[in-house]
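This report describes a single protein chain together with its ligand. The sequence and the structure are shown below, and the description follows.

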Amino acid sequence: MSPIAQIQALDVPTAIAQRRSIKTFKSDPIAPELLKQLVELTVAAPSSFNIQDWQIILVQDEAQKAALAAASWNQQQIVQAPVTFVFAANPNAGEQDLTPIFEQALQTGAWNDKTVDYFKSAIPQFQGGLGDKRREYAIKDAIIAATHLVLAAESLGLSTCFMNGWIEEKVKEVIGAADNPDLAIAVLVPVGYAAEPRLNPGRLPFSYNVSVDRIGNPYQG
Ligand SMILES: Cc1cc2nc3c(=O)[nH]c(=O)nc-3n(C[C@H](O)[C@H](O)[C@H](O)COP(=O)(O)O)c2cc1C
């Protein structure tokens, strides 16, 4: 039986409730089929116009992990975990060749010729119109994909930690993107088997930051 078949996946609410940001990982490897399943579930994430404007780099090599940790204020999760997903975002993806995306959607039947013809002009127009916000929009898509990874990993018995503590230019050097000025780093996510239990630091009551209709009208639950 494959390692994946042995895993009793957690349902989504349980995975959400149980997930913690893990700071210490075992060096145990992730089985290749399980890693592939994680990648599949990560890229199953939605994106604006389905442009899939992320670049996901699985950093596994020991020297690469050490360099990535050095770019991340020496946070040791990256060295310990067998793999760290670097989520980068391409702000120019919507203005590049979208033929493979159109062809797939035509093949599945999700989009028809009329939809594709519309998108051929609408996507570059919308993306171009974003101007300075293109980077922000691309990062949103990458973060949604990272969230899929984190919850899928939890569901499949692994642990993670979203990481914002890194220097963008240094991370880009490590992943070989130093010559790509527009590529943005969205978030880093080490994935592996937890070497520590971690408690939930808690969440504010809804009254702090959940409103109904307008800010300041607190949601009572
Ligand atoms: C976008 C983001 C960036 C984060 N960056 C780091 C980081 O660089 N290093 C770290 O140890 N934890 C990082 N964290 C983890 C947070 O400290 C943690 O999510 C928070 O304390 C809540 O704990 P929980 O995730 O266990 O619920 C980050 C979390 C998020 C969502």
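## Terms and basis

Two residues are in contact if their C-beta atoms, placed from the backbone, lie within 7 Å. The model is a predicted one: local features need pLDDT of at least 70, side-chain atom pairs count only at pLDDT 80 or more, and totals for chains, interfaces and linings use all residues. Residue numbers start from 1 along each chain, as its sequence is written.

## Overall architecture

The protein chain holds 10 helices and 4 strands. From the N terminus on, the order is α-α-α-β-α-α-β-α-α-α-β-α-β-α. Along the principal axes, the C-alpha atoms fill a box of roughly 50 × 50 × 40 Å.

Of the 221 residues in the protein chain, 32% count as buried. A residue is buried if 20 or more other C-beta atoms lie within 10 Å of its own, exposed if 12 or fewer, and partly exposed in between, with C-beta atoms placed from the backbone. Among contacts between residues at least 6 apart in sequence, 82% join residues at least 24 apart.

The 4 strands form an open sheet in the order 1-2-4-3, with antiparallel pairing. Strand 1 and strand 3 stand at the edges with a single partner strand each, so one side of each has no neighbour in the sheet. Two strands pair if DSSP finds at least two bridges between them. Strands of a sheet pair through backbone hydrogen bonds, either parallel or antiparallel.

Strand 1 is joined to strand 2 by 6 bridges, and Leu 58 stands opposite Phe 85 in strand 2. Strand 2 (residues 83-89) pairs with strand 4 over 7 bridges; here Val 83 is opposite Val 191 and Ala 88 is opposite Ile 185. Strand 3 (residues 159-160) pairs with strand 4 over 2 bridges, and the bridge partner of Thr 160 in strand 4 is Val 191.

Strand 2 and strand 4 are both mostly covered: 7 of 7 residues are buried in strand 2, and 9 of 9 are buried in strand 4 (residues 184-192). On strand 2 both faces are covered, with Val 83, Phe 85, Phe 87 and Ala 89 buried on one side and Thr 84, Val 86 and Ala 88 on the other.

## The nonpolar core

A nonpolar core is a set of buried Ala, Val, Leu, Ile, Met, Phe, Trp, Tyr and Cys residues joined through C-beta atoms within 7 Å. The largest one has 46 residues, of which Phe 87, Ala 88, Ala 142, Ala 186 and Val 189 touch the most other members. At least two residues of this core come from each of strand 1 (54-59), helix 4, strand 2, helix 7, helix 8 (134-155), helix 9 and strand 4. Helix 8 gives the most, with 9 residues.

In helix 9 (residues 168-175), the buried residues are Val 171, Lys 172 and Val 174. They lie on the same side of helix 9, because they cover an arc of only 160° around the axis. That arc is the one spanned by the directions from the helix axis to the C-beta atoms. Helix 4 (62-70), strand 2 and strand 4 are among what covers these buried residues. Just after helix 9, Gly 176 takes a positive phi of about 80°.

Gln 127 belongs to helix 7 (residues 113-129). Gln 127 counts as buried because 23 other C-beta atoms lie within 10 Å. Leaving aside neighbours within four places in sequence, Gln 127 is in contact with Gly 94, Glu 95 and Arg 134. Ala 93 is 34 residues from Gln 127 in sequence, and their C-alpha atoms are 8.6 Å apart.

## The ligand shell

The ligand is surrounded by 13 residues, the closest being Arg 20, Ser 21, Phe 162, Asn 164 and Gly 165. A residue is near a molecule if its C-beta atom, placed from the backbone, lies within 6 Å of it. The shell divides into 5 nonpolar, 5 polar and 3 charged residues. In this division Ala, Val, Leu, Ile, Met, Phe, Trp, Tyr, Cys and Pro count as nonpolar, Asp, Glu, Lys and Arg as charged, and the others, Gly among them, as polar.
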